[in-house]
Amino acid sequence: MSNRQEVLLTGAGGQGLILASIILAEAAVNDNKNVVQTQSYGPEARGGASMAGVIIDVDTIEYPKVTKPSVLLCMNQASFNKYIPKVEESCIIIVDSTFVSGSYREDYKITALPITQAAREQLGREVVANMLALGAINAATGLVDREIFRESIFKLAPKGSGELNQQAFDLGYRLFNEGMGQNLGISSQTPQ
Amino acid sequence: MAETKPVLMQGNEACAEGAISAGVRFYAGYPITPSTEVAELMAAKLPELGGVFIQMEDEIASMAAVIGASIGGMRTLTASSGPGFSLKQENIGYAIMAEIPCVIVNVQRMGPSTGVPTAPAQGDVMQTRWGTHGDHPIIVFSPASVYETFYLTIAAVNLSQKLRQPVIMLLDEVIGHMREKVLIPEAGKLLVEKSSDNVPADWKPYDEKGLTPLVPFGFGHYYHVTGLFHDQYGFPTGDPPQVERALDRIHGKLEKYRDEIVLTNYIGHKEPRVVIIAYGCTVRSARAVVKKAYWQNRLPVGLLSLQTLWPFPDKEVAAIAKQADVIIVPEMNMGQIVGEVERYACGNAEIVPLNRYDGEMISPDQISELLGRWL
Amino acid sequence: MEQLTQDFLRTKKLPHIWCPGCGNGIVTAALVRAIERAGYNQQDVVIVSGIGCSSRAAGYLNFNTLHTTHGRALAFATGLKMARPELKLFVIMGDGDCSAIGGNHFIHAARRNIDLNAVIINNHIYGMTGGQHSPLTPTGMKATTAPGGTLERPFDLLELARGAGATFGARGNAAQPRQLEQLISRAANHKGFSVVEALSQCPIAYGRRNKLGGAVEMLREMKDKAVSVEKASTMDVDELKDKTLSGVIYSVDAPEFSEEYYRSIGKA
């Protein structure tokens, strides 16, 4: 079970987290891994909170629900407040500093990146923030082969937006690598 | 069997894809969570295949339209969930009585009534068995993965055609909505029951000699189809011996093909002390537990998973009960299949229910904890 | 009147179960003659029916016949028509069957304008269950479930259908079987959803309780009340009071659903 990676994508409805989870799952399949994707439905999925889980393993995946996230993405303040207390210290946490602020315990591995802001300012489209987040996650974890991931994005992105979404994914990588270099973290920096 | 590249697929999608692979070309339905994806996929795909998708005015009409189309010679499917499945019951009974093949999908949600539309539960097990009135036979499959959903849907279509009997695919919300990796064989490599095109000259719609193919309307065999008890030509009868024979007939065909219908799977110790009996998404939690307890720690445990719920796997359960001291039955309801297990265990094992009905899955930890009492 | 073609009757299934004086046989005969007149191949014709006295007609007709569940005949027929658009479907229903329990399917079949020929035998009562009031029982008339006369107002079935989108509506009656046959025949030739309301008598469960006399008296009254659409146009409101319009009330062209569907998928 040690190979089991549990990724939890959280934020608000409309941020494209469900699609991101499906693309991550698809990429994992293309990378020859076992994968299960689940998501929260219902009133939660209508504009309010949004949550999707992806479990990746080389072994067969039995229990399909995320219980101990190894990776957590928080795309808004509410999800950050809700899920941070539930994860273990070893969990890799990526937050969108465009929407999330506050100080948290130093022993958490929190990487704060201006995900939505970068999508808006550098690519001119806020909607690709989800792919940017996937880039950052994959840069942090190496869950899926990068080229396979890029191909999967191209395949599943809405028609005509494949390249833009790939650019967003690459920008996520860059942001993560630069962010780490600058030791950017939510506990040491408060975004405006 | 040659298999193509693995793909990511949702449970509801696997149901639609399985149906299409098995030759289903007619879908009638009504929107309801959490089964709507089946309808949406059929709406997208059937027209391309020259098939018919129609959204009916209600669930009752959907079930009726499916039966009508089956009588026209099409392979048919409809999908719904709890409240909608309740509405379909009368016409399901009609299809059983008139021996019209069709597949009905029920993606279970938390009930009773409107309940929690998006929460998983396994509360419809007894409804699939006894939802429609009268002493009827039924076939119910309960898949535990996206892969099983695909294959069991094909099996459902095949059996439904062969036996002229409605078959119910009983999914739960977890299986219906999750996506996972599946290997789907190329088209043409699947075992799909062919329609019989040679009709004997003395064909009767309900031949007393046994199974007989359905000859669709419009081919010159002028027979009658009714929900009334009927003779072998389909005409109403209230004659006691004929009524009894007719009921024996619809039950008898399931008994005759019992071993083709009843599908179970056992993993674990050869001489188990504790066995878990599970179905649907609960199988996954149980398997996680058994893998750890048996494969890693060599404890005398096993898991009997039921792909077929009805007809109930009586022989299989009876055999397990003779071996095991304890049988744990985890269910996301207040205890439904456990009664059947008890009935066929005949006192040979202690039966322990594990019930959860808060709209969440039973976790492996819950089962492990219970298991720990005996090991 | 000429003899019915025996080919279209299951003579071995006769005599029928209907009571002496019942109008169902007259309407059924008119239907058979209309089918004959239309010249359809026997194997292309399907009779679909619901549940009730009138719906038993299906069992006596030598076609592919589908006796469905109560109220659902049109929904079964919709599935069959979509699967096999080349078939000619006649859907026999009673007034309760069609307009109470089957009301939803009735308006939606009309809305889709699917090519089904609905023949509703309206005897104003649930006969098979012994005389309960239906949505087509006139206000004030007695039934076992309205012993003092029903307070409810009846539907105008043809106007209900027209409002829902039906493209053909006609009314005939058991007292004028020749006209009824012609109306069903015109309905059969109409492309789209057609409704023929066939007024009929139930002397046992309705006539007796409401002191309307036997079959003969009921038929006479039916005939006296009937006014053709043409004649009605020359009459004023007072003259038309207590009269029943008969004939083709409306007939318009509109796209037919099964044809539109198959065209949309490139198969028509």
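## A helix pair in chain B

In α1(B), the residues B:Gly11, B:Ala14, B:Cys15, B:Glu17, B:Gly18, B:Ala19 and B:Ser21 meet a set in α6(B) made up of B:Val146, B:Thr149, B:Phe150, B:Tyr151, B:Thr153, B:Ile154 and B:Val157. By class, the residues of this contact of α1(B) with α6(B) comprise 8 nonpolar, 5 polar and 1 charged. The model in which these residues are seen is a predicted one.

Two packed helices are described by the angle between their axes and by the distance between those axes. Helix α1 of chain B spans residues 11–21 and helix α6 of chain B spans residues 146–163; their axes come within 8 Å and cross at roughly 35°. The crossing of α1(B) and α6(B) has a right-handed sense.

## Where chain B meets chain C

The contact between chain B and chain C draws 36 residues from chain B and 30 residues from chain C. On the side of chain B that touches chain C, the elements giving two or more residues are β2 (24–29), β3 (52–55), α3 (59–71), α4 (82–98) and β9 (224–226) of chain B. The most is given by α3(B), with 9 residues. Divided by class, the residues on this side of chain B are 23 nonpolar, 10 polar and 3 charged.

Strand β2 of chain C, residues 64–67, runs parallel to β9(B), and 3 bridges join the two strands. In one of these pairings, B:His224 has C:Thr65 in β2(C) as its bridge partner.

## Where chain B meets chain A

Chain B is also in contact with chain A, through 20 residues of chain B and 15 residues of chain A. At least two residues of the side of chain B that touches chain A come from each of β1 (3–10), α7 (173–177), β8 (179–185) and α10 (282–296) of chain B. Of the elements on this side, α10(B) gives the most, with 5 residues. The side of chain B that touches chain A has 10 nonpolar, 4 polar and 6 charged residues.

Here too, strands from two chains pair. Strand β2 of chain A, residues 34–39, pairs with β8(B) in the antiparallel sense, over 2 bridges. The bridge partner of A:Gln37 in β8(B) is B:Arg179.

Terms used: Residues are numbered from 1 along each chain as its sequence is written. Chains are lettered from A and ligands numbered from 1 in the order in which they are written. This is a predicted model: local features need pLDDT of at least 70, side-chain atom pairs count only at pLDDT 80 or more; totals for chains, interfaces and linings use all residues. Two residues are in contact if their C-beta atoms, placed from the backbone, lie within 7 Å. Helices (H or I, at least four residues) and strands (E, at least two) are DSSP runs, numbered from the N terminus. Ala, Val, Leu, Ile, Met, Phe, Trp, Tyr, Cys and Pro count as nonpolar, Asp, Glu, Lys and Arg as charged, and the others, Gly among them, as polar. Two strands pair if DSSP finds at least two bridges between them. Axes are lines fitted to C-alpha atoms, for helices over the stretch in contact, and angles run from 0 to 180 degrees between N-to-C directions. A crossing is left-handed if the near helix is turned anticlockwise from the far one by less than a right angle, and right-handed if clockwise.
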